[in-house]
Amino acid sequence: MKNKFLFSVFVYFIILVLISLGSWQLYRLSWKLDLIKQIENSLKNEPIELSSIKEKNFLRVKTSGKINFQKQIYLYNLNENGKPGFEVVNPILINDKNYLINRGWIPFDKKNKSEINLINQNNIIGTLKTQSKANSFKPKNDIEKNYWFTLNRDDIFKYTGKRFSKYIIYLNGDYSLPKPKVVTAKISNNHKKYAITWFSMAISILLIYLYFRKKNY
């Protein structure tokens, strides 16, 4: 009887843990849906003068500044059709503060072409995004050849000699070269699937346990 009692305690403990995990995922799901709604609303708003607001993620801004084309960064990436090329990233000085501006995607053969540097620096409209953490599985940047796989902060400092805001400005507009990256509220949201998984496991274990108990108790 003692072993059966301990086994029952163990089973109920596992079920309780699984229910807790499922409940936590539901809480995360609610939080993520609110976040997505906030991002969608922010992206619909008219751009605000960068110098007059508190910076935050996914905020649409307008500004002017001096773009450094000599320290232009070519970041390897795919376009929306899956074609490989570069995202063009530049240092930009705005009101004595250094930012990086992602001006969009170009094919490989447009690297270092003067035609990709036509931009009105007095009328820049973009979206702020916090720089994501570098993927450790990506190759190292080749700074000498200006062939980048991640915007590693230490590498950027070696290349430019400057530190930058944690927010990157993603250029908006109807430019064709580079073609600006479309910023959306599409972010990972698998919490509903995880919650169903945990709850399903809890129910399955409970049914197996009840069947076992009916047979053996």
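Reader: Which residues form a nonpolar patch on the surface?

Author: The model is predicted. A patch takes residues with over 30% relative accessible area, and nonpolar side chains are joined within 5 Å. Here the patch holds Tyr12, Ile203, Leu206, Leu207 and Leu210. Together they have about 460 Å² of accessible area.

Reader: Where does the largest share of the nonpolar patch come from?

Author: Helix α3, residues 191-216, supplies four residues. Isoleucine 203 lies in that helix.

Reader: Now strand β5. Why is it largely enclosed by the rest of the structure?

Author: Buried means under 20% relative accessible area. Strand β5 covers residues 84-94, and nine of its eleven residues are buried, so the rest of the structure largely encloses it.

Reader: How do I read side chains along a strand?

Author: In a regular strand they alternate between the two faces of the sheet.

Reader: How many bridges join strand β4 to β5?

Author: Six, and the two strands run antiparallel. Strand β4 spans residues 73-78. Leucine 78 stands opposite proline 84 in β5. The two strands form a hairpin with five residues between them. In that turn, glycine 82 has a positive phi of about 85°.

Reader: What about β5 and β6?

Author: They pair in the antiparallel sense over nine bridges, with β6 at residues 97-106. Their hairpin has two residues between the strands. Asparagine 95 in this turn has a positive phi of about 50°.

Reader: Which residues stand opposite leucine 93?

Author: Lysine 66 stands opposite leucine 93, and asparagine 98 is the bridge partner of leucine 93 in β6. Strand β3, residues 66-67, pairs with β5 in the antiparallel sense over two bridges.

Definitions and conventions
Residues numbered from 1 in each chain as written. Predicted model: local features only at pLDDT ≥ 70, side-chain atom pairs only at ≥ 80, totals over all residues. Heavy atoms only, no water. Patch = residues over 30% accessible without salt bridge, like charges linked within 9 Å, V, L, I, M, F, W, Y side chains within 5 Å. Areas by Shrake-Rupley, 256 points an atom, 1.4 Å probe, with all protein chains shown as cover. Salt bridge = Lys/Arg side-chain N within 4 Å of Asp/Glu carboxyl O. Buried < 20%, exposed > 50% of the residue type's maximum accessible area, 1.4 Å probe, protein only. Pairing = 2+ DSSP bridges.
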